[in-house]
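Visitor: Can you walk me through this one? Please keep it short.

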Amino acid sequence: MYEQKLLETKQRLAVVKGKVSLILDVWTSVNHFAFHGIIVQWIDEYWELQELILTLDILEGSHSGVKLAQSFVKVLEEFGLMNKIAAITSDNASNYDTFFQEVQRIFTERGLNFNEKDQRVRCLAHIVNLACQDALKVLKKQKSTTGTATGSEDPQSESDPEISGSESDNDSTLESNSIYMKLKTSIGKIRNSVLHRETLRRQCQAFGLKHNELVRDNSTRWNSTYHMLKRALKLRPSFETTLRSAKHLEKFILTEQDWEQVRGMLGLLKPFKKMTLNLEHKGIPTMSLSAMIYIQLYNHLESYSVIKHINFNIT
C-alpha cells in the first residue's frame, strides 16, 4: 500500500507544469517523539489548489537547521522537486534560519537557483502567536487582589497526560499570586485529581451547567490561553465551589475584581483567536490576507490600550 501511494504521489508531481510551494513543521508529541512534516501545494491547470503530504518523519538526535536541510533536500530529490520550488513556508524558530542558509548553499553547489531572502515565507499564524505571547507576558503578571497563594506549587509539578514537557509553559518569572498563575495552578490540580474532577462534574450538574473539563494552556498551542480563560469563566460557579471543597485549594479562589481582569484578557485575546482561525482555512490561499490581518490586529491593540472600562494595573 505504501509503495503504491508513493508511486502515485511521484506520478502526480511529475506532471505538475508550474512551481510548487512547500510547508514545513517540526513538533514533539506528548510521548516525546519529534516529527518533521513536509506538505507540497500547487495550482493545477484548472486553477484549483492541490495539496499532498510528502513525508512525516520521526527525527532522532538534534533538530539542527543543517540536519533538517539535508533531510529536506533528500525528500526534494526523491519526488523530483529540486527545480520546481516557488517558496517554502516555515515558522520562526531559530533553527530554520540555519536551515534556509544550508538549503541555499546546497542548491548553489548544484547550480540550482534558490534565494533564501525571496523564497522563504514566514508563517503568519506563528508570527501572530508570538505577538500574542508577548502581550500575555504582561497580562500574566497581573496580581490577584486576594494576595499571594502561599505554597502554590508549579502548575507543571503534577503530570498532565495532555501536556508534554516540551510544551510546558514553565515561566519562573511569573509571580505565584498573579491571576494567571492562580488559575493555571488550580486548574492543574483539579485536572490531575480524580476526586476533584468528579467534584467539578457534580457541581456542574448542581448549577445546571454542561460539564466540560477545565482547559490548561501552554505556549505552543495557539489560542490555548484564550480557551483556558474562557472555559474557567464559563464554569466559574462550579469551578469556585470545587476549589472551596478542599482546604488546600481555597487559596486559589479569585475575587470579582480578578474575574473582571479575566474578562479583559479575553477581550484582548479574542481577535488573535479569530485571525489564526482565518489563517488555518484549508483549500484556499491565505497569503493575500496578511496585510489585512496585520492592520486589524495593530488597530485592535492600539484601541485596546485606551479602553476606559478595562484597567490593567501593569507594574
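Guide: In α7, the buried residues are H196, T199, L200, Q203 and C204. Buried means under 20% relative accessible area, exposed over 50%, and partly exposed in between, with a 1.4 Å probe and protein chains only.

Visitor: Why are they on the same side of α7?

Guide: They cover an arc of only 140° around the axis, so they share one side of α7. The arc is taken from the directions from the helix axis to the C-beta atoms.

Visitor: Where does this model come from?

Guide: This is a predicted model, where local features need pLDDT of at least 70, side-chain atom pairs count only at pLDDT 80 or more, and totals for chains, interfaces and linings use all residues. Residues are numbered from 1 along each chain as its sequence is written, and side-chain values use heavy atoms, leaving out hydrogens and water.

Visitor: Back to α7. Which exposed residues sit on the face turned away from its buried side?

Guide: V194, L195 and Q205.

Visitor: And what covers the buried residues of α7?

Guide: The cover includes α6 (179–191) and α9 (236–244). Contact here means heavy atoms within 4.5 Å.

Visitor: What follows α7?

Guide: G208 does, and its phi is positive, near 70°.

Visitor: New topic: strands. How many bridges join β1 to β4?

Guide: Four, between β1 (residues 20–28) and β4 (residues 85–90), which run parallel. Strands are DSSP runs of E, at least two residues, and helices are runs of H or I, at least four, numbered from the N terminus. Two strands pair if DSSP finds at least two bridges between them.

Visitor: Which residue in β4 partners V20?

Guide: I85 is the bridge partner.
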